[in-house]
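Hello,

As promised, here is the structure for you to look at. My notes on what turned up in it follow below, so do keep the viewer open while you read.

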Amino acid sequence: MNAVIEARGLKKSYRKTQALNDVSLNVERGRIIGLIGPNGAGKTTLLRALTGLLRVDGELDVLGCHPWSERVKLMRDVAFIADTATLPRWARISQVLDYAQAVHPNFSRERADGFIKQTGIDPRRRIKTLSKGMKVQVHLALVMAIDASLLVLDEPTLGLDILFRKTFYTNLLNDYFDDDRTIIVSTHQIEEIEHILTDVVFINQGQILLDESMETVNERYATVTVKPDQAEAARKLKPIQEQQMLGHHVFLFEDAPMDSLRALGDVSPTRVADLFTAKIQESQT
Amino acid sequence: MNLALIQIRRELWGNRGNFYIMIGILFAIIVLASAVFGIAVGGGFTPAHPTGAASSEGVAMLGLGIGNFIFLFYALGLLGYLSGALYDDRKDGSVLFWRSLPVSDTATVAGKVLMAGIVGPLFVWIAVVIGHLIALFAIATAASARGAEGFTVFASPGALFGTWVFFAYALLIQALWWLPYYGWLLFVSAISPRGHPLIWAFLPPVLAGVVEMIAFRTSVVFQFLASHLAVSPIFNGWPAVTINTSMDQPLTESMASANPLYTGSGWVSHFLAMPSMWIGLAIGLGLLALAVAARRYSATS
């Protein structure tokens, strides 16, 4: 079995808000999934359900475990960074590593020490004395030292400057990711991670709007820049989005014949951010 | 075993400020008071008058003060520690980190109980033993300075060791006696929505007691609470550390009787035979189970 996550009909509501509304998802080993959605879309709820931090209705299997009832077993094989700084403020970095070393069967202290050394941060420092960027670096060093099959990242680079963000994802790819591991990451900064994703999942108001591999996205969606005199012809092919830019019309098409698109103008791959906007607008009409 | 040790280390790291400051103050007070007490007692002995002439009343008051102080310090320390034990990491968000590691909620809660029921008392025990030694050394030195054979007390340390072993036993019985409080405070700590959990710790039992008094004209809740708070295995044994120092005995006998809990041994064992001990244990375990269950939901909002 190659599925890392199998979710069917997940539901979760907070009083009147439906955080997850019949969410189904299949994730296979060796993928990097971008979970993308506006604030309050249900991303954090979904990620916490996957890591057993939150109880949801529906069928959910992560690495052969039911996350809520088998959290301890599951977390031996899953690493998680939440959307807020969660390392204990009072602890020294070395104490956090000591603790992880003592309780985690798949944690390598040697690797963790190596990653911390790379950051240049003194391991005797307390978490509360670190900047936000440093905290994220330390947390990433810690989770990269865990030999986990699934890494769940909830807005891991929120609030960091662009240098930290780039370093974060570069380290993740170079030092962590391989064909046996799976990463699921939620973020607002789509452009920055687009190139590393193998799959994208769009979520809004607790519902999945799109769940495709990047190959499929590139096959099914295309952006065409059209001169004004061709705009009407383009509209007949039922684009899912139209924008005007520098005197040109930019259309986004779904499942349109490529030959017809080429006849209209310049065809280019669709950016995930544009597709996301189009799908959100489509869902609201 | 390793899991228990790392959980305790984590608690010591996380509470180092409060914990070490409290232990430091406790040690300082015990050392100082024991030394003063020892000199006061030892100063009353002379070769001509092997019976003590020190003011027994003053010495008793001092001893009583130390015993009560340690007891209150210990109780308040536990109250502060347990009420924040499952609350602080929810407040600062680190509960998400702790629960992202393969450690069960039961192990987490058990670590807090171990800390309150074993590690805390162990430090109290060490403080008291050091206090005894200082007091006895001070008595012996002061008595020797007046020509009495003060150090004979160390020639037969059996009684002293017996006292310490018994005191450890009393502290364990105390921990069991307080289990319903540990359970309640940890439960409140795990569910307290906002504000300091101490408020939530006190309000419901007081309200329950008042409602019971109004509705049924009985006071079972208050009686149980009062019996488990005001009466305790170590509270009655502890002050005897000094009260029992009789001044009309020869020095060596007086030293042997300067043991804290010989008078309290029957008292402490008596707790194991009390139905309310076992009712309290059952309530305590039930509340701890609720605390574990509540902990599971602490990252849900």
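This is a predicted model: local features need pLDDT of at least 70, side-chain atom pairs count only at pLDDT 80 or more; totals for chains, interfaces and linings use all residues.

The crossing of H3(A) past H1(B) is left-handed.

Now the wider meeting of the chains. In total, 20 residues of chain B are in contact with 23 residues of chain A. On the chain B side, H1 and helix H5 (95–98) each supply at least two residues. H1(B) has the largest share of that side, with six residues. The side of chain B that touches chain A comprises nine nonpolar, seven polar and four charged residues.

Next, chain A by itself. The chain is divided into domain 1 (3–205) and domain 2 (217–284), and the C-alpha centres of these two domains of chain A lie 34 Å apart. How many residues of domain 1 of chain A are in contact with domain 2 of chain A? There are eight, and they meet seven residues of domain 2. Helix H7 (190–193) and strand E8 (199–204) of chain A each provide at least two residues of the domain 1 side. E8(A) gives the most to that side, with three residues. By class, the domain 1 side has five nonpolar, one polar and two charged residues.

There is also a sheet in chain A that deserves a look. Four strands make up an open sheet with antiparallel pairing, in the order E11-E12-E10-E13 (chain A). Its edge strands are E11 (241–245) and E13 (265–269) of chain A, each of which pairs on one side only. From one strand to the next, the twist averages 25°. Strand E10 of chain A (residues 221–226) runs antiparallel to E13(A), and five bridges join the two. To find your place there, note that Thr223(A) stands opposite Ser268(A) in E13(A). Helix H11 of chain A (residues 272–284) lies across E10, E11 and strand E12 (248–254) of chain A, and runs at about 75° to E12(A).

Finally, a helix pair within chain B. The axes of helix H8 (residues 179–191) and helix H9 (residues 197–216) of chain B come within 9 Å and cross at roughly 125°. H8(B) and H9(B) are therefore oblique to each other, and their crossing is right-handed. From H8(B), Trp184(B), Leu185(B), Val188(B) and Ser189(B) meet Pro197(B), Trp200(B) and Ala201(B) of H9(B). The contact of H8(B) with H9(B) has six nonpolar residues, one polar and no charged.

Happy to go through any of this with you.

Best wishes

How values were computed. Residues are numbered from 1 along each chain as its sequence is written. Chains are lettered from A and ligands numbered from 1 in the order in which they are written. A crossing is left-handed if the near helix is turned anticlockwise from the far one by less than a right angle, and right-handed if clockwise. Domain bounds come from an automatic or database domain assignment. Two residues are in contact if their C-beta atoms, placed from the backbone, lie within 7 Å. Ala, Val, Leu, Ile, Met, Phe, Trp, Tyr, Cys and Pro count as nonpolar, Asp, Glu, Lys and Arg as charged, and the others, Gly among them, as polar. Two strands pair if DSSP finds at least two bridges between them. Axes are lines fitted to C-alpha atoms, for helices over the stretch in contact, and angles run from 0 to 180 degrees between N-to-C directions. Angles under 35 degrees count as roughly parallel, over 145 as roughly antiparallel, 65 to 115 as roughly perpendicular and the rest as oblique.
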